[in-house]
Amino acid sequence: MPNSRSRPRRGAGGGAGAAGRAQLVARSLQSAEHCLGDQDFGTAYAHYLLVLSLAPELKDDVKETFQYTLFKWAEELHALSRIQDLLGCYEQALELFPDDEVICNSMGEHLFRMGFRDEAAGYFHKAVKLNPDFNDAKENFYRVANWLVERWHFIMLNDTKRNKIYNAAIQKAVRSGSKTVLDIGTGTAILSMFAKNAGAHSVYACELSKTMYELACDVVAANKMECGIKLLHMKSQDIEIPKHIPERVSLVVTETVDAGVFGEGIVESLIHAWEHLLLQPKTKEENGNCGKYGKVIPASAVIFGMAVECAEIRRHHRVGAKDIAGIHLPANVKFQSTAYSSVDTEETVEPYTTEKMSGIPGGYLPLTECFQIMKVDFNNLQELKSLATKKPHSINVPAVKEGMLDAIMVWFVLHLDDEYSLSTSPSEETCWEQAVYPVQALEDYCIQPGDRVTMEASCHDCYLRIQGISILHLEHEMEVIKSFTKSQDLLSLGNEAELCSALANLQTSRPDALEQTCVLEPTEIALLNNIPYHEGFKMAMRKVLSSLAPEPRCQPTDTHCQYMETNSGSGQGDAAPSPSDPFYVLDVSEGFSLLPVLAGTLGQVKPYSSVEKDQHCIALDLISEANHFPKETLEFWLRHREDEAAVLQRPKSDKLWSIIILDVIEPSGLIQQELMEKAAISRCLLQSGGKIFPQYVLMFGMLVECQTLVEENAVQGTEHTLGLNIAPFINQFQVPIRVCLDLSSLPCVPLSQPVELMRLDLMTPYLNTSNREVKVRVCRSGRVTAVPFWFHLCLDEEVRLDTSAEASHWKQAAVVLGDPIQAQVGEELVLSVEHHKSNISIAVKQ
């Protein structure tokens, strides 16, 4: 019989189920604790997941233990490269604790370690929103905020001239009948709001960045336009009609132009827009309502260039010395910066750097008049399509001044329509920087009036490329022309461009097959050009090595090293070096470093380098051979290490390091992450009398008034944005520390003398304090808006390297005050300086 089975009374089974569940929860909790005791974090984590799914009311009770278990298990998964499992664990944890700032911050740290910077920044930002006083999350967020909202957004929104001109052009177009608008790469949605205020019926805006999309939603809602602007979180090339927008639009507005015009993908996005999203363009013969036709703002761009001399660009892109602190650089090692763009390259690497040339340290000297490179019509589909396929066209311009050819500087005029335009020229006050194409690989960079600069321009892979830059010297040109004339070959060339090409080919040098090209970051080239840096290290290393003598037994110099002693070797004693034993020097500097080669020239030394790239290793081997010691002397330490994190280990089980060189300051001007932790490990690995370089670091700072830093750090009210309420939303992403500054050219007014703010001792850590208050006397009245800071790296008591020096490859940084302080001459302000996990915070008190 179908219904003959008896049914339990309501509630009876529920009680039994509850009791069983409670018993299972209790057993799982007990098992989790046992697993933690056995350091079986994976099983413990699984038990805690079961507990929290069955008894969510226990969340508060087990929260801290669950976090600890999660973090330990995640570290194991990371070490095993089980990345998907690691991310899955954090996703499970955040489902259980969606508002836990500690778990959000930890998730961000793992993502950042794996290279997912945008995603990491989002989790750090969420952690800070959940708990604004959570220092670890704040410091992480400050480090990566640039990946969430790039700093140019603040500068651009504070550019009143730019905003007014875009607004005027959009108003003109909408009032002429272009009532349906698509804003490509909307950012904060300012252009969309201009269109809505102008009277557009339908406004669509797309933004690929999740952070910027969410920010735009908040901004549009705050300005009460959410009903009139439809925001899409997607690339414009993914928009489909009618799936995402109901119709083709009559106007596309965009500002997806970088310093090199095309680098943000404006060509690709407009080709797609013309083919799929815009109405057909209006022809010259047609008249009538503009709403029936499609158009783009900006309408066109004209790109200009100028050859310049600039020592600052030169020192970041060309190695100038042949001898660095006694190290000879052989001719078969060629250094190039990453901005070098070979004519035959297949890579889609941005072939230029960007600089605010009006404020570059030392300034620049124009060597030619400005010349037009190309013009592009954004309202011409065929021209846009042909842009990427056109062959490079030759340009040659006469030099008008004597100097060194260091770069081609590029800017553009953006014609929004036939009436309104914006120029990014260095002579204009503009939010844009200029694109800079450094000149490299020439035999001779000297140029005289009458010489000609030749180059080829193209839009290969939708980047503006300036390639094959060379100099046609006047005397060579005359000799070649005479030779051509005599042989009657001149007429066969047909035109000036072919003549210039032929002349240029005569100067092209074929690289020797045995040459090693070493591609370096601009900061690495600037480091090679920093002669005081290398001479300082040579002097300090020589003093340490000459002071070391064989002793009965080498002991670590740190008393907290028993664990390191047990785990870093085979347990054998640390015998003193015999007279024939070399001294061991380890350089763990970031990137390419000559210091191991320099150490190898100082006597009986076994230097270890931590460079990773094969081309860098080969270059160092060739340099070693050129300086008369066998390349086998130099060891590449990471080749012996399975894990890069284990780079700080002994060279052999029975040896300790004589010198360990740490990278303590990032090129951006900040203290390197985990510096003090690395120093603690290093102290355990030094022989008696060995040293860490630098031995200690001094931090200096001063009070300044600087409106530039204020405007680059936050949007200032609604005046710059023409009454639109954007500042409170984007200013959530401002950070108190601005990096990559050059104090020598920063437009600021010093209000005090430099003062010592902090000392970080790497050899004697008990001298360090994490908090310090420093009194600063105001020497000039004004508004204190920022505290720039820099460092002295003290290799010993006599040798110091100043990160603010003219030859420095380091930049400087500054803490920008949220609320400027009015200060009077003679007044004393107190700077509260805190050092926490390699992060510096400075508060100013009156």
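## Two residues with positive phi

S81 sits in the loop between α3 (59-79) and α4 (83-96); helices (H or I, at least four residues) and strands (E, at least two) are DSSP runs, numbered from the N terminus. Its phi is near 60 degrees, a positive value in a residue other than glycine. S81 is exposed, with a relative accessible area of 56%, where exposed means over 50%, buried under 20% and partly exposed in between (1.4 Å probe, protein chains only).

A189 also has a positive phi without being a glycine, here near 75 degrees. A189 counts as buried because its relative accessibility is 0%.

## About the model

Please keep in mind that this is a predicted model: local features need pLDDT of at least 70, side-chain atom pairs count only at pLDDT 80 or more, and totals for chains, interfaces and linings use all residues. Residues are numbered from 1 along each chain as its sequence is written, and side-chain values use heavy atoms, with hydrogens and water left out.

## Two cis peptide bonds

I241 and P242 are joined by a cis peptide bond with omega of about 5 degrees. P242 lies in the loop between β3 (229-232) and β4.

From F693 to P694 the peptide bond is cis, and omega is near -5 degrees. You will find P694 in the loop between β26 and β27 (696-701).

## A parallel sheet

Now to an open sheet of 5 strands, with parallel pairing and the order β24-β23-β22-β25-β26. At its edges are β24 (635-636) and β26 (686-693), each pairing on one side only. Two strands count as paired if DSSP finds at least two bridges between them.

Within this sheet, β22 (residues 583-587) and β25 (residues 657-661) run parallel and are joined by 3 bridges. L586 has I660 in β25 as its bridge partner.

## A negative surface patch

On the surface, D118, E119, E150 and E264 gather in a patch of negative charge. Such a patch takes residues with over 30% relative accessible area and no salt bridge, joining like charges within 9 Å; a salt bridge is a side-chain nitrogen of Lys or Arg within 4 Å of a carboxyl oxygen of Asp or Glu. Asp and Glu count as negative, with the charge placed at CG of Asp or CD of Glu. Accessible areas come from the Shrake-Rupley method with a 1.4 Å probe.

As for E264, look in the loop between β4 (251-254) and α12 (266-276). E264 counts as partly exposed because its relative accessibility is 38%.

Terms used
Patches are made of residues with over 30% relative accessible area and no salt bridge: like charges are joined within 9 Å, nonpolar side chains (Val, Leu, Ile, Met, Phe, Trp, Tyr) within 5 Å.
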